Amino acid sequence: MLNAKIPAGPLNTKWENYKGHCKLVNPANKRNLEIIVIGTGLAGASAAASLGELGYKVKAFCFQDSPRRAHSIAAQGGINAAKNYQNDGDSVYRLFYDTVKGGDYRAREANVHRLAEVSGNIIDQCVAQGVPFAREYGGLLSNRSFGGTQVQRTFYAAGQTGQQLLLGAYSALERQVALGNVTMYSRHEMLDIVKIDGKARGIIARDLISGKLERHFGHAVLICSGGYGNVFYLSTNAMGSNVTAAWKATQNGAFFANPCFTQIHPTCIPVSGDHQSKLTLMSESLRNDGRIWVPKKKDDNRKASDIPEDERDYYLERRYPAFGNLVPRDVASRAAKERCDAGYGVGTSKQAVYLDFAAAIERYGTIEASKRQMHGVSKEEIIKLGKEVVAEKYGNLFDMYAKITGENPYETPMRIYPAVHYTMGGLWVDYELQTTVPGLYSLGEANFSDHGANRLGASALMQGLADGYFVIPYTIGNYLADEIRTKAIPTDHPAFAEAESKVRDRIAKLMSIKGTKSVDYFHKKLGKIMWDKCGMARNEQGLKEAIEEIKALRADFYKDVRIPGDANEFNPELEKAGRVADFLELGELMCIDALNRRESCGGHFREESQTEEGEAKRDDENFSYVAAWEYKGPSDYVLHKEELVFEEVKPTQRSYK
Amino acid sequence: MKWSQFFNTSIGKKLLVGATGFFLCSFVLVHLAGNLQLLYKDGGKAFNTYAQFMGHNGLIQFLAWGLKIVIVLHAFIALQLTIRNRAARPVKYQVNPGNQTSSWFSRQMAIMGSILLIFIVVHLAQLWAPFHYAEMPTQSYEGVSEPIKDLYSVTYALFQNPLWVILYVVGMIALSFHLIHGFKSAFQTFGLNHSKYNGLINFIGLWLFGIAIPVAFAAIPVVIYLNK
Amino acid sequence: MEHYNMNLTLKVWRQKNKNDQGRFETLQAKNISSEMSFLEMFDVVNEELINEGKEPIAFDHDCREGICGMCSMHINGRAHGPWEGTTTCQLHMRAFKDGDTIVVEPWRAGAFPVLKDLTVDRSAFDRIIEAGGYVSVNTGNAQDANNIPVEKHKADLAFAAAACIGCGACVAACKNSSAMLFVSAKVSQLALLPQGHPERRTRALNMVAQMDKEGFGSCTNTGACEAECPKEISLTNIARLNREFINAGFTSEK
């Protein structure tokens, strides 16, 4: 049984208590302590900046050309915080409660409560940095409700909240770079962890431009490398998003928790063909006004506008009258898949449903006409007014849709389909965000801790920044206080040499295959297996097949992959190959985990575990635990459980009927 | 930041170019007002007395030398910036966007400025230098105490040659194109970009400095030539 | 929207590394769907190159949804190609027709040296931000967010400036390779907000000094940067930077 080191005492005093009693490092000693940060998204950049400010010597690494490009930048909707600025009854407890419930009772209470506690500080910090959040005419911050919550607690900057928050953290990071507290290594990829006497003591990184391998020492290593949604090949993740850093940690003894917990976002632009390289999210906010439907007739090939009202099936409104189009992400996604699988899908691929704004346009047009005291206006005029209102609310999203599809969403309904968006699973961490390897930490999407089996909208940004700004600066001190006598270990230590030669061999092995198929060929194949058998719905047979197929694909990869060019130069194909090699192992583990968890919860839907109406059915008696997997070798994993104890929140079955 | 550093930055240098540019714009206005007297059919009395005054007034002469320094400064700093700007792109594009992304005028500042500079040198050599440093026929007018230099007739003689007329017209075309962008650009450099004033600035830049003034200047040699 | 397939001729800049001279290579892209994005067309070409045993074309890209700022191609003379307000990754092949020849070049600027093929080094932008593109506020220093009211109009302007994705299209599009639009976007964002005021003078002076040091050209107000900016950052920001710089230069005591 795993020990999460949760502080004793009532839930709402745990963090306060911890902060009051954790060990501190004095400023003179901080100067001699080195910390390595992998990844510069919200979690990594905020951690590197904050630790630099405290006086630690920080080295930050990212594979992109600049820390500002990390994929946190693409988050659209917003960031939650229990500020209760709107006087609508929000509180730390409610944010905590919503997050635990939204995660379908598979998150750790103490971590989530801490997250809710520091959520307000995040907003304060970001505003102080100059993040331009949306404001009201009175000059104060604006909030919106997001993801079906009953309070308005989401802070936002148009549809670019992630970008603005990341640029805030990036500017704080660059300030520390200028001050000499942080050394930035862009276009570097971490390829292994160096462990000495059981503790994480450094990394091996590859300079992606020169191809040279480098050794870097650190008293502690922070993995802030984001999620692994790209195991599906097609996802809303950036092309470069990968699991490599987290996977190297796993191979070095860090447990990987709940790998099968994947979030499939219901509103993405559908795949248009085999050439598709990534999927684009259309913000969840569109479901506030759009109505989702498919034709009532199977294989209906008429244009959307030719299908009369009574031949349309507004299936979410039909199935979930209480929540309608606003059901949580996992529910909406499964319902879309169900309709398409049953043969009611639309578009050339038949793998899409309509998101229709016609009703909203008419409704807003009517309201606008009466606002302007216009009487006896024609339908055309009402529609024109309505389109203006919709353009004001969602204009940038509609433009993006039009650019990608070439269709005008003001005239014809959008086609949407679910796509992989976020991974709740990740490196197992305790309350201090430390993995099972001493000195090795994991922050943000890369860890598993706060979202259980399903993440609520606007909570990912909150978690990344909470971990980096307000948690790790305290918890890492508790570890490093005992390390002040450890002098920087020279990188000619045998452990470094050994790790480097391991990496060198791995690269040489990949380069020497000289097969016939590109890396993308294998990645696409893996993605298809994962999507078909470990995607929105999973069953025992499919998962078992997937495991075998992945093993076979992996074997084929090591026989037949072709990587052009040289290892000692800028070689994007080699980078991809390394990442896909890791995905080929992780994919198998995800299936193993999904197979093990014979219950449905959140984003994980086991067909064997559903109610009569086809809704997800949790099994608290047998599966109220975190599944943390220990890597023993390829295809060899040992399950460790962390029992989930709910002291404050009583798990119930979610219902949106 | 010390002044020496400030005016050595790219923006600092542009401020100098802009400031000298504004000064030159004001000169162009005054110069035109004086020169239009060439078109009076008074045997050159108005123009020659004006020239006499301008040529011998201490303050004007001081400003006139200042003007020449300003021209040199304007050209010199602009040249410095241009060299730097060219160096900022050591490898050129094979395909350029042409007028798709910027106006043609805005890209020809250095060329037009160079033509203008050549014009100014020729112009000074032809009219200013002889007036100050060489013998020139004189003319007596009623109410003027002594005979004064007859720059009026020298100018008329000059513009009997169509080649000189063409050179002066080309010079004024260069002035026009230079100012169509230059005038409003200087405002932007000084940070004056405001929706309430941009219309006026653009109007003056285009119609007064870009068109009216160069056309009026160019009209002088043309009219003189056509009336011969 | 009718979809169609097309065959294209690509003239792409190939350069082995920083020290290589580089040259154009002509390639055929066959059976390209009008539904592909420009980068997906490159994926197809690269797949073909790999299958032929040749080296694929190196280009920067990551999010492929127009926000990370990594993609950077100069397409037929236009930074990010022919569509306005669009990054290369969001440009779709509908913009082209069968038989077209497309010339693809890297961003060209001395301050953005080519690393390989279409990939350039834009770390100069990071160093400019290091020179002052931040508010000096340590984690934990902040007061309650609503203690700092900001006039909505100014907040909106600050947001519009902050939308910059740092892709470098402004530099690529400018005939002088000037980085003024990039620098002005950051200076404007922080000058418009009260949080940025304590450091506004040193910020303007230091960021401009760093910009010059990196070897970017100066601004001649041609407006090409604004025309090509995928986030449509306004030239008024450059005017504001000039004001900030003048004010700082004339009033700073050091």
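**Contact between chains C and A, and the fold of chain A**

In this predicted model, the contact is built from 68 residues of chain C and 64 residues of chain A. Two residues are in contact if their C-beta atoms, placed from the backbone, lie within 7 Å. On chain C, the elements that give two or more residues to the side touching chain A are α1 (38-51), β6 (114-116), α2 (123-130), α3 (152-162) and α5 (180-192). Helices (H or I, at least four residues) and strands (E, at least two) are DSSP runs, numbered from the N terminus. The largest share of this side, six residues, belongs to α1(C).

The model is predicted: local features need pLDDT of at least 70, side-chain atom pairs count only at pLDDT 80 or more, and totals for chains, interfaces and linings use all residues. Residues are numbered from 1 along each chain as its sequence is written, while chains are lettered from A and ligands numbered from 1 in the order in which they are written.

Chain A holds 17 helices and 19 strands. Its radius of gyration, taken over C-alpha atoms, is 25 Å.

In chain B, C25(B) sits in helix α2 (residues 10-35). Apart from neighbours within four places in sequence, C25(B) contacts F183(B) and F209(B).

Methods: The radius of gyration is taken over C-alpha atoms; the globule rule is 2.2 Å times the number of residues to the power 0.38.
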